[in-house]
Amino acid sequence: RVRHRNTCDAFLRYEGELKAAGRAVPPCWLYRGSWVEWPVADTDVFVPMSEDELTRKIDSIFQHESQKDRAMFRGEDDREFWQRARDRNRGTAAELLGLGLPHFFAVESFVIPDVLPEA
């Protein structure tokens, strides 16, 4: 959680610098994490993934030292981080298919807030 707070703080500082310089602030896409996905109705951007792209995402998770093994704060969920991420992305794709959208192997969800949350 501290890492996420540090990242948010850095972006908020950058946003302030851009505004002070009279420059446009790029949108910030918020990612939810491996435990829970954004609700479909709240999602602003869906990024479809092929099986190969999901495999590359999982491979990237294995490259991240803090994500290699079991999550420190997994609660009741005994799955490893990569398994939760895979299942969440596959589940989002299945939910969208159930709503009549095309079939995708997996889908990542992002929210673009009007105002960024405070860190």
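Is E108 buried or exposed, and what is its relative accessible area? E108 is buried, at a relative accessible area of 6%, where buried means under 20%, exposed over 50% and partly exposed in between, computed with a 1.4 Å probe on protein chains only. The model is predicted: local features need pLDDT of at least 70, side-chain atom pairs count only at pLDDT 80 or more, and totals for chains, interfaces and linings use all residues. Residues are numbered from 1 along each chain as its sequence is written, and side-chain values use heavy atoms, with hydrogens and water left out.

**Strand β2**

- Strand β2 covers residues 106-110; helices (H or I, at least four residues) and strands (E, at least two) are DSSP runs numbered from the N terminus.
- Five of the five residues of β2 are buried, so the strand is largely enclosed by the rest of the structure.
- Both of its faces are covered, with A106, E108 and F110 buried on one side and V107 and S109 buried on the other.
- β2 pairs with strand β1 (residues 45-49) in the antiparallel sense over five bridges; pairing requires that DSSP finds at least two bridges between two strands.
- In this pairing, M49 stands opposite A106.

**Residue A106**

- A106 has a relative accessible area of 0% and is buried.
- Leaving aside residues up to four places away in sequence, A106 touches V47, P48, M49, L54, N89, R90 and A93, a contact being heavy atoms within 4.5 Å.
- The C-alpha atoms of A106 and D87 are separated by 8.8 Å, and the two residues are 19 apart along the chain.

**Helix α3**

- Helix α3 (residues 81-98) has 18 residues and reaches 26 Å from its first C-alpha to its last, close to the 26 Å expected at 1.5 Å a residue; the expected span is 1.5 Å times one less than the number of residues.
- Its buried residues are F81, R84, A85, R88, N89, T92, A93 and L96.
- Seen down the axis of α3, these buried residues fall within an arc of 165°, so they line one face of the helix; the arc is that of the directions from the helix axis to the C-beta atoms.
- Among the elements covering the buried residues of α3 are β1, α2 (51-63) and β2.
- Just after α3, G100 takes a positive phi of about 95°.

**Salt bridges**

- The structure holds seven salt bridges, each defined as a side-chain nitrogen of Lys or Arg within 4 Å of a carboxyl oxygen of Asp or Glu.
- E108 and K57 meet through their side chains in one of these, at 2.4 Å from N to O.
- This pair links distant parts of the chain, since E108 is in strand β2 and K57 is in helix α2, 51 residues apart.
- K57 counts as buried at 17% relative accessibility.
- Salt bridges that share partners join E37, K57, R88 and E108 into one network.
- R56 and D52 form a salt bridge at 3.3 Å, N to O, and both lie in helix α2, four residues apart, about one turn of the helix.
- R56 counts as partly exposed, at 47% relative accessibility.
- K19 forms a salt bridge with E15, with the closest N and O atoms 3.7 Å apart.
- K19 and E15 are four residues apart in helix α1 (residues 2-20), a separation of about one helical turn.
- K19 counts as exposed at 53% relative accessibility, whereas E15 is buried, with a relative accessible area of 16%.
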